[in-house]
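Keep the picture open while you read.

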Amino acid sequence: MKTTALDFTEIDAGMLADVGGKAANLGELTRAGLPVPPGWVLTTDAYRQVAQDLRIDGGKTGEEGLAGRARRHLMEAPVPDAVHEAIVKAYEALGPDVPVAVRSSATAEDLPFASFAGQQDTFLNVVGTKAVVEAVRRCWASLWTDRAVAYRESNGIDHAAVRLAVVVQRMVDARVAGVMFTANPVTGTRRESVIDASPGLGEAVVSGAVNPDRFRVRDGRILERHAGDKRLAIRSLPGGGTERVETAGQGLCLTDDEVRDLAALGARVEAHYGAPQDTEWAIGHDGTLWLTQARPITTLYPLPEHPRPGLRVYFSVNVVQGVMGPLTPMGQAAFRLISAGGAGLAGHAPADPLDGAGFVTVSGERLWLDITAAVRSRPGRAVLPRMLRLGEARAVGVMEQLFEDPRLSATPGSVRPFLRGLGRFARNLRLPHRVLTALTRPDQAVAATVKLGEVLDGRLRVPATATPAQRLDHAERVLRGTFPLIISIMPNVITGYALFALASRLSGVPVPEMSDVLRSLPHNPTTEMDLELWRLSTRIEPAPFKELSVPELVARYQEGRLPPVAQREIAAFLGEYGHRGVAEIDLGVPRWSEEPAHILGVLANYLRMEQGTPPSDTFREGAEIAQRAIAGVTARARRRGRWRAAVVRFGLGRTRRYAGLRELPKFYLVKTLAEVRASLLVVGEHLVGLGVLDSAHDVFFLDLRETRAALAGGDLRVTGGASAGGGLRELVAERRATYERERRRRHVPRVLLSDGTEPEATQEAAADGALTGTAASPGTVTGVARVVLDPIGAHLEPGEILVCPSTDPGWTPLFLTAGGLVMEMGGAMSHGAVVAREYGIPAVVGVPDATHRITSGQEITVNGAAGNVTISEP
């Protein structure tokens with residue numbers, strides 16, 4: 001690429017990939033006929049020449065590290081003669097001493113997962129060739145500010161791969177300027193422009209130096225006009241530079257017509273790029289509207305695929321399952337098949353089971369349920385809040401808010417279809433028979449769940465001689481039949497919790513005061529697993545676990561070189577529970593049996609800490625506490641009548657028998673996914689042998705249809721999307737990149753509308769300092785907080801309070817040493833809440849932004865009965 005100064009209109013497509021975000025966008029906008037101030041761009045080849053001797057070998061940031069060294073090099077290195085000449089000629093071509101804006105434009109800007117907004121520098125009202133050359137040099141150096149280096153490191157971007165172009169634009173002497181988002185960046189609502197405006201140059205708004213006027217516009221209607229104080233304006237000085245001027249800030253700085261014109265311009269820019277944009281704009285003293293920058297908004301959550309007509313409501317499967325990361329394509333495909341089996345129970349089986357139930361969709365590589373029909377039906381409005389209070393309490397307020405939205409009003413005649421579907425589901429599930437068995441023959445009801453596991457094991461066996469195609473047939477068959485099989489456990493669970501609620505009503509004891517009844521429940525496979533892992537730690541030799549790192553322990557275990565007892569006991573544990581893992585609902589994720597690092601790390605933590613009361617003793621004490629709680633509730637019921645006491649004692653006894661079974665359907669589901677995963681790995685190995693995949697694990701970045709097509713015809717030719725015409729390797733690489741990008745996403749909404757709105761974001765925020773959630777497990781504990789975002793490798797000292805986004809069973813070994821639990825997600829019956837109660841750990845769940853508002857090392861108090869968390873004053 002030649003080093004040259006180019007008019008925006010002359011930037012060709014071949015250069016756009018290498019000139020950085022702003023330069024590329026401005027070139028495209030100029031060609032599209034949008035009002036961009038004239039200018040030119042100095043491409044990254046100029047930067048390469050100046051930075052060619054820069055040594056990038058890591059080190060700390062700051063003046064003594066990489067950032068400071070790079071800045072000094074770029075400020076001291078001579079500007080090559082050809083580059084200097086190109087700058088001077090291009091600048092003089094604009095006219096004599098024309099004021100310009102000199103702006104950095106890095107190749108790492110405007111990435112799908114990071115905007116890099118404000119990380120490099122801009123210089124305004126630069127006048128004269130010498131000043132322009134110096135501003136260009138300072139732009140190059142700004143690629144290495146401490147903040148830019150730290151930002152790249154936090155986003156995993158290679159410093160050596162980043163380059164910087166420089167954009168030079170004729171300066172707009174702005175009467176008023178600001179920023180405009182073509183989608184609401186707070187609520188996510190698409191096609192709703194949000195405009196911030198202030199007198200003078202836009203730098204006052206961009207830098208946050210002023211409280212600007214704010215406008216919201218949708219479909220040409222101005223929804224909001226909010227006047228800021230605008231006490232400061234940045235204005236150009238004659239001869240170059242800027243000054244800050246105090247202003248009165250009276251009234252709005254834009255007319256309604258100007259606001260509408262801005263929104264219309266934003267719509268044109270969004271239409272050009274096909275995605276919502278973050279723009280900067282200016283209006284000159286002559287009234288001309290200029291677009292000075294456009295970049296994609298990288299923070300919006302993606303819209304669900306293939307939305308149906310009208311406004312739709314989606315509920316996150318990932319959030320309710322405690323899996324905030326994305327699912328692999330094969331993991332998504334598995335859930336589509338599972339959902340098809342569930343829909344069939346209600347008489348709504350899809351024509352092709354591989355398509356999944358009509359209410360399942362994908363957004364951001366995560367699963368969503370379209371619950372619009374329930375939101376718009378009267379029975380659904382009665383049932384949804386009650387269900388959500390148990391599993392995802394923070395969503396209750398969101399639902400109640402949506403019920404008030406006239407666009408989602410209840411549909412007439414919605415009762416009969418709901419009852420018809422419910423009746424079919426109950427009949428196919430044999431619900432009345434199973435409830436009656438649970439009430440009258442508890443031993444038989446529990447035995448049936450054990451028998452179910454044996455039936456499942458038989459279904460999951462695949463002959464060693466099965467061909468890859470037969471393995472795929474088997475995988476589809478067992479996935480389609482999974483839901484009808486495991487859901488048959490739920491009538492027992494429903495009976496147990498229904499009797500729990502009945503006991504509360506008959507005794508007059510509020511449900512929260514009865515939580516001790518649910519301590520140390522039997523038949524819970526997750527707590528049984530945790531207790532067995534603890535017992536294992538008491539039976540093995542501690543020496544290697546205290547002396548070796550986790551990777552060394554893994555290597556020794558896999559080579560069979562741990563002490564014999566430890567080798568045998570760990571193998572036995574993984575034989576029983578090795579199908580489990582973190583984010584285990586995704587069959588594309590390795591199981592503990594494949595990657596035992598997490599389990600070996602937990603054992604090492606158990607063996608390194610001082611021994612306190614064994615969890616088995618705590619669990620036994622919990623069962624005794626539960627029996628005393630039953631006696632207490634029964635006594636209070638007796639005061640209201642002897643028959644009430646008898647019913648309460650009977651009901652709570654059944655609750656104790658069945659409530660722990662709540663975890664069993666998922667236990668069986670995860671076992672199914674693990675076995676299907678193992679079989680698909682064999683299929684993947686076959687595709688590697690055919691030469692169409694590089695690794696057996698690549699099969700999890702295909703779906704079931706694509707895998708079958710690959711088995712039938714070798715390398716698949718993709719017919720649509722970004723990989724059109726490419727083979728399996730290209731498709732897998734593209735999907736891996738998408739998956740890794742989505743893993744970086746920290747925020748996933750609970751509820752999302754088809755227009756992009758996150759309803760929770762429209763609710764009023766809690767008062768400053770208020771950390772409130774849902775009471776999940778009673779008791780009060782004060783201790784040191786430990787914020788954990790990933791349980792793998794996490795270390796929790798005894799008594800520390802675990803603060804995390806959410807949990808699935810892969811987290812629960814940490815509960816044995818935790819003094820308390822705080823979760824951002826969940827309700828009183830979510831997984832973490834259930835396990836915390838069984839262990840007697842005070843817990844509060846559904847605490848908004850807990851992992852951001854609490855930091856490790858802070859002393860906090862968790863009140864599990866009141867549902868609040870207090871951060872101690874330092």
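The side chains of Glu532 and Arg539 meet in a salt bridge, with N and O 2.7 Å apart. A salt bridge here is a side-chain nitrogen of Lys or Arg within 4 Å of a carboxyl oxygen of Asp or Glu. Before going on, some ground rules: this is a predicted model, where local features need pLDDT of at least 70 and side-chain atom pairs count only at pLDDT 80 or more, while totals for chains, interfaces and linings use all residues. Residues are numbered from 1 along each chain as its sequence is written, and side-chain values use heavy atoms, with hydrogens and water left out.

How many salt bridges does a search of the whole structure find? It finds 42. Here are three of them:

| Salt bridge | N to O distance |
|---|---|
| Glu532 and Arg539 | 2.7 Å |
| Glu742 and Arg745 | 2.8 Å |
| Arg636 and Glu513 | 3.7 Å |

Salt bridges that share partners also join Glu192, Arg216, Arg218 and Glu224 into one network.

How well covered are these residues? Glu532 is partly exposed at 23%, and Arg539 is partly exposed at 35%. Glu742, at 3%, counts as buried.

Now look at the pair of Arg636 and Glu513, whose closest N and O atoms are 3.7 Å apart. Arg636 lies in helix 25 and Glu513 in the loop between helix 19 (490-507) and helix 20 (525-539), so the pair ties together parts that are 123 residues apart in sequence. Helices (H or I, at least four residues) and strands (E, at least two) are DSSP runs, numbered from the N terminus. Arg636 is partly exposed at 33%, whereas Glu513 is exposed at 53%.

Helix 25 (residues 615-638) also holds Ala635, which is partly exposed at 29%. The C-alpha atoms of Ala635 and Leu680 are separated by 56 Å, and these residues are 45 apart along the chain.

## Strands and sheets

Strands of a sheet pair through backbone hydrogen bonds, either parallel or antiparallel. In what follows, two strands pair if DSSP finds at least two bridges between them.

Next up is strand 3 (residues 100-106), where 7 of 7 residues are buried. In a regular strand the side chains alternate between the two faces of the sheet. In strand 3, Val100, Val102, Ser104 and Ala106 point one way, and Ala101, Arg103 and Ser105 the other way. Strand 3 runs antiparallel to strand 4 (residues 122-126), joined by 3 bridges, and Val100 stands opposite Val126. Strand 3 also pairs with strand 5 (residues 164-170) in the antiparallel sense, over 7 bridges. There, Ala106 has Leu164 as its bridge partner.

Strand 25 (residues 868-871) pairs in the antiparallel sense with strand 24 (residues 859-863) over 4 bridges. These two strands form a hairpin with 4 residues between them, and Gly867 in the turn has a positive phi of about 80°. Strand 25 is also joined to strand 18 (residues 771-772) by 2 bridges, again antiparallel.

## Positive phi without glycine

Arg191 is a residue other than glycine with a positive phi, near 60°. It sits in strand 7 (residues 190-199) and counts as exposed at 56%. Ala583 has a positive phi of about 60° too, although it is not a glycine. Is Ala583 buried or exposed? At 19%, Ala583 counts as buried.

Conventions:
Buried < 20%, exposed > 50% of the residue type's maximum accessible area, 1.4 Å probe, protein only.
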